[in-house]
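Student: Please take me through one part of this structure closely. I am new to it and would value a connected account.

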Protein chains: 4
Amino acid sequence: MHLKPANLYPDFNIVRLSHIELGVRDLTVSKEFYVDTLGLVLTEETSDTLYLRGLEERNHHSFVLQKSSEVSVKRLAFKVFSEADLDRAYELFKAKGLAANWVEKYAQGRTLHVDDPFGMKLEFYYQMEQVPCLLQKYGQYRGMQPMRIDHFNVFAPDVEAFYTFYSQELGFRPTEYTYDPDNNDAIWAVWSHRKGNVHDMAFTNGLGPRLHHVAIWVPTALNIIHLCDLMSTTGYLKNMERGPGRHGISNAFFLYVRDPDGHRIEIYTSDYLSVDPDLEPIAWKLKNPQRQTLWGAPAPKSWFEEGSLFEATTVKAPVLEMQPIVAP
Amino acid sequence: MHLKPANLYPDFNIVRLSHIELGVRDLTVSKEFYVDTLGLVLTEETSDTLYLRGLEERNHHSFVLQKSSEVSVKRLAFKVFSEADLDRAYELFKAKGLAANWVEKYAQGRTLHVDDPFGMKLEFYYQMEQVPCLLQKYGQYRGMQPMRIDHFNVFAPDVEAFYTFYSQELGFRPTEYTYDPDNNDAIWAVWSHRKGNVHDMAFTNGLGPRLHHVAIWVPTALNIIHLCDLMSTTGYLKNMERGPGRHGISNAFFLYVRDPDGHRIEIYTSDYLSVDPDLEPIAWKLKNPQRQTLWGAPAPKSWFEEGSLFEATTVKAPVLEMQPIVAP
Amino acid sequence: MHLKPANLYPDFNIVRLSHIELGVRDLTVSKEFYVDTLGLVLTEETSDTLYLRGLEERNHHSFVLQKSSEVSVKRLAFKVFSEADLDRAYELFKAKGLAANWVEKYAQGRTLHVDDPFGMKLEFYYQMEQVPCLLQKYGQYRGMQPMRIDHFNVFAPDVEAFYTFYSQELGFRPTEYTYDPDNNDAIWAVWSHRKGNVHDMAFTNGLGPRLHHVAIWVPTALNIIHLCDLMSTTGYLKNMERGPGRHGISNAFFLYVRDPDGHRIEIYTSDYLSVDPDLEPIAWKLKNPQRQTLWGAPAPKSWFEEGSLFEATTVKAPVLEMQPIVAP
Amino acid sequence: MHLKPANLYPDFNIVRLSHIELGVRDLTVSKEFYVDTLGLVLTEETSDTLYLRGLEERNHHSFVLQKSSEVSVKRLAFKVFSEADLDRAYELFKAKGLAANWVEKYAQGRTLHVDDPFGMKLEFYYQMEQVPCLLQKYGQYRGMQPMRIDHFNVFAPDVEAFYTFYSQELGFRPTEYTYDPDNNDAIWAVWSHRKGNVHDMAFTNGLGPRLHHVAIWVPTALNIIHLCDLMSTTGYLKNMERGPGRHGISNAFFLYVRDPDGHRIEIYTSDYLSVDPDLEPIAWKLKNPQRQTLWGAPAPKSWFEEGSLFEATTVKAPVLEMQPIVAP
């Protein structure tokens, strides 16, 4: 394997990705998309913010949409195992000379805001206000019947550096990766997890840091097919960017859609359990087209190039030259 | 085979079953069940009638619910191939000394009302007012995403007599049947069709004529599983009578529910094409438990005994002694 | 509507499409594809022919693969309602000065071979040898669990002429069509049926006559997704041409694959019942991209251009200039 | 809540349940059931043992079937996070005066055998021989397409005592439980996990310790419906004990089958993520019938009473009087 194994005993214990804060321009338009079409549950609505969650989620929110003049990603948020883990996280970031500040956040209380070494805005907290689980409130199922947030995927200008920080300092464990045997086995992308499936966090070579996508988990491929039918006949045809299809990497059945502000959402199902600490990550060669789509259909150019900027963050060009996009 | 083959050239051409008129006590309660829960589309609503249809249906209605002091079946309705077929139907019923009357019906015009020889109220018409097909209006999909009415199943006190009339005079073609090899191959039930799947009309031994059920077709078993989840968590647990399961006969994946007035509805999917005129009907022995449920689970007693009365129709005891209901 | 309605009382009664005879180069290779991968059932195998059927089919064959030096379509076959219908078919073709010959065919007996006015080789018969229905032999389900043949789609150099012959003489009834409002409402494609779903026979503008595809019906979209997974990981990645996706026309969930000789097979599910004689065909404008794919993904160039030649038949250029293929 | 929260920092780290060793009478018969019907993969076969795994599993085995004169459960096995965790497990069991012995096991090496305080035979190990993941070898999918072992469920004569040991000493975290508000909130059953879904280990009031069932995870409800069709038509009708249905507890779509020796297997899908350390367990009242089956169908008597004995282990009567089984 070409990756250094993860640090299995990091300084603090991240349980899983928890939520994302997105800057959007028009909350009414966003609500039609996220609530009425995707089917996320509106936990709470204020004059400038929508708090959304999936049907099985008991945390107050997994998507926070803030009215904003700029379209941006404001924060990627993670839940830690205890209050003490929060303190240890603070120590780690401070010791590395990285920004780390305590804030009070609505519905989640004591929260740690940090910058990672690459300029991404992260947030850690331990406990969030609990709301009813709607898993068995079948009368409230809508749209694609979204269950929970699944993962973040970011464009990283230096995937090896990103992976090194997240795996050695934060304990993210690799499950799959792409490398280039024609270029000293350079690492092009890594999928890494905390919660026990393929990923909480993936890094893909590209101009960054930018958010490539945030993913929502649904139970079966038929939920995704229904969303295709729904979006294509309710005015969202242009928002369907790629798929449905099967990724070679992760084995996920996927669909990529763009929200009204262009933020990319992956609808995701059918990956696998990855809790074994000795799980050997799966290596994919860069030139194997089935890593991206097992069935062979190529991704559109936009999928390789477009992403959401983090608020107030400078992007860098990737250290590996971007692969050419070859149409079928 | 123990059945006389159907008359392939009947006097008039019935295309398919078309709709049912049910007497119900409370339209508000019925609407909550049929529209909000099952997901049928409300084409039109008057002070005393709901007109409903499935998502793919372009006819104005396939379920007509009439506010009524008595719970009953008012009519079983069939579409014929042409106006001339209507006239030929009139001649046939008159020639047999059966009631046959022309009426004008809302949204379907010239309509023939007849009594069959056993007292069932039938209705024939050629053309109905067309309304939009919602098959690709995915934004209007609700509940179990019902597509169309599929068939009627009636308790017949003399299944052979019923089958003889419907197959020889009306051209219904048999696809499957149950017989008793221990009792001179007596016929216990017959499934027969006009439209090209397992049935438009089934006859089951029992006190009758009574409606055993009317069926609605859905695309896949997952629509039925979703309906189970939905009904069991929105106050309709007691309305779930049998299933889900797989019938041996017809191979249908099924669920039987009772509407708020006790009318039985089968939710039905995955039978087969039966258009071949020389299709040999499948024979099932009465004692084969898999004919009812391929997977072995028995039906509840109510399923064998309860049915909806036709308005102003006298019922008779069955000529074959009812089979004992054996609990698991 | 821009189409002349079908003749509802044609001289003879075609029940449905029945089977196809394809010339293939290597039966071993074909068997691996059709039987081991798609999951069709091998009814019988001779030194030069494979007879295949779907799981619910009781006819001896729906696909006949003949070892042949040339890759071609040998016959499109249809079942008629009675022996007398065969005789009436003979009269009709003779009266039009078209080739019509009686032959004896294995497992189906008395058979009528005709040429249609455009050079397509057709075959009519009434009864075929019956073999066991495997619908409830779940232990024999393989691959995508194919149920039955569904339809033929042919490139027609003059769609209006083809439609006129098939609808007025043979009684095929239209369900959907494509027309060009910018070119005198010229008809580009028609879908027409006998058996009661969207089509037995479709005509598409193009160099022809050639077979665009023959379709196999499967129960749900998940059968198609499994076939994608199966083909893409067992050496058939290059045989996957288009999809999966949803057609606007027919509402079918589809996948197009190419057999080892290049014959195109559509895997097809979720269209609708069309038995009503007064069903108004659905009109699609040529420039509406959703008619081809509801979800927007374009078809590859090969899909518009490639097809199978009929044996010993001359093709003509289309009367309507081919539409430009626009890449995404 | 009526349960003491789990010890979140146990002496050693159990990652997940790993495998089960079952004594069976006839390996040929067992292979037909587990491999040919359920679709588990045969990793290796010796003269007296079958080693089986699910399609996504990379460990050499999750089911070990040993030819045995007695039908019994030999071991419930768990994977720990490191070799050091094994040593800490040894210390814990020794300190409590419980049997703890090191053994070498085929394909997993250094292994700790212990007895829990109630006589159940457990096994801990860190690393097992890795074999190919077949998740994307779709050509090898068979039967119900089983993915992985999911959980154990045991009859416990004293559920509170079992839960206390497993949660306080071994760190199993509760997700759901049943209690009796009419009997001092006595605890009747607890579901508890290590790997992040509803359970690795459940305890149910009853004569024990006995294994109630071991569960296998499949992707969707349709896999379970296919297994029902398959078993009911290939000679395994009598082995289908309960379901399919939806559990209120866990929200699982389930089927219970009995293997040829009577060991109960649950086929299981659609529960939820439970990694949050502060996840509040869901409380179900004993008299709520929907906890067992959301849709209302009762379980058969055998399901409440029968279970597999652990080898050489004495069983005790439950401390709570068994609930009456009420037929529908």
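Tutor: Buried area is the accessible area, found with a 1.4 Å probe, that two parts lose on being put together, summed over both. In this predicted model, about 3,100 Å² is buried between chain A and chain D, and carbon and sulfur atoms give 53% of that area. Arg58(A), Phe81(A) and Gln136(A) supply 20% of what chain A buries against chain D, more than any other three residues. Chain A brings 36 residues to the contact (heavy atoms within 4.5 Å), and chain D brings 36 residues. Between chain A and chain D there are 4 salt bridges (a side-chain nitrogen of Lys or Arg within 4 Å of a carboxyl oxygen of Asp or Glu). Arg16(D) forms a salt bridge with Asp276(A), in which the closest N and O atoms are 2.6 Å apart.

A contact can also be followed within one chain.

Residues are numbered from 1 along each chain as its sequence is written, while chains are lettered from A and ligands numbered from 1 in the order in which they are written. Local features need pLDDT of at least 70, side-chain atom pairs count only at pLDDT 80 or more, and totals for chains, interfaces and linings use all residues; side-chain values use heavy atoms, with hydrogens and water left out.
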